[in-house]
Amino acid sequence: MAEVFYWILTFVLILTLLCNLGYQLILLVDLEFDYINPYDSTSRINQVILPEFITLGIFCFMNLIAGHWFIFLISLPSLYYDLSLYVKREHLTDVTEIYNKVKWEKKKRLFKVAHLLGLFVVSILSLVLTLTEDVH
C-alpha cells in the first residue's frame, strides 16, 4: 500500500511541476507577444518560483527516503541548479531585464519541462517494473 501511495505522490508532484512550468512559459509567451506588461509577468513568475523549488526538493527527498535511487539521481542535477540559483540570488526574474532575457528564460523552462517529462517516463517505467515484480 505504501508503494502505491508513493507512486501516486510521485505523479502528483511531477504534474504539479509541469503545470507550474507551463504557467511560467505561458506568461513568457504572453510577454513576448506583448499581451501582458513586464511588471505583471515578472511578478506572477516570481510568485511561483519558490513553490517550484520546494516541490522539486520534496520530490527529491521523497525518492531518497523511498530508496528509488535512479530517479533520485536523475532529479538531483535539477535540484542542484535550482539551489545554486537561489544561493546566488538569481532565481527571480528582473523587470528591467526581462525583455533581454525572454528567449533564455523560455529555453531554461523548456529544458526543465523536457527533464520532467523524462522523469515522468522513468517513473512510469519503474512503476511497471515494480508491478511486474510483485506479480511473479
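This briefing covers helix packing, salt bridges and a nonpolar surface patch. The model is predicted, so local features need pLDDT of at least 70 and side-chain atom pairs pLDDT 80 or more, while totals for chains, interfaces and linings use all residues. Residues are numbered from 1 along each chain as its sequence is written, and side-chain values use heavy atoms, without hydrogens or water.

**Helix packing**
- The axes of helix 2 and helix 3 come within 9 Å and cross at roughly 150 degrees (axes are lines fitted to C-alpha atoms over the stretch in contact, with angles from 0 to 180 degrees between N-to-C directions; helices are DSSP runs of H or I, at least four residues, numbered from the N terminus).
- Helix 2 is therefore roughly antiparallel to helix 3, a term for angles over 145 degrees.

**Salt bridges**
- There are five salt bridges, each a side-chain nitrogen of Lys or Arg within 4 Å of a carboxyl oxygen of Asp or Glu.
- One of them joins Glu52 and Lys112 at 3.0 Å, N to O; Glu52 lies in helix 2 and Lys112 in helix 4 (residues 98–135), 60 residues apart.
- Glu52 counts as buried because its relative accessibility is 3% (buried means under 20% relative accessible area, with a 1.4 Å probe and protein chains only).
- Glu105 also meets Arg109 in a salt bridge of 2.4 Å, N to O, and both residues lie in helix 4, four residues apart.

**Nonpolar patch**
- Phe61, Leu64, Ile65, Trp69, Leu73 and Leu76 make a nonpolar surface patch of about 620 Å² (residues with over 30% relative accessible area and no salt bridge, nonpolar side chains being joined within 5 Å).
- Helix 2 (38–66) and helix 3 (69–87) each give two or more residues to the nonpolar patch.

Methods. Patch = residues over 30% accessible without salt bridge, like charges linked within 9 Å, V, L, I, M, F, W, Y side chains within 5 Å. Areas by Shrake-Rupley, 256 points an atom, 1.4 Å probe, with all protein chains shown as cover. Parallel < 35°, antiparallel > 145°, perpendicular 65-115°, else oblique. Buried < 20%, exposed > 50% of the residue type's maximum accessible area, 1.4 Å probe, protein only.
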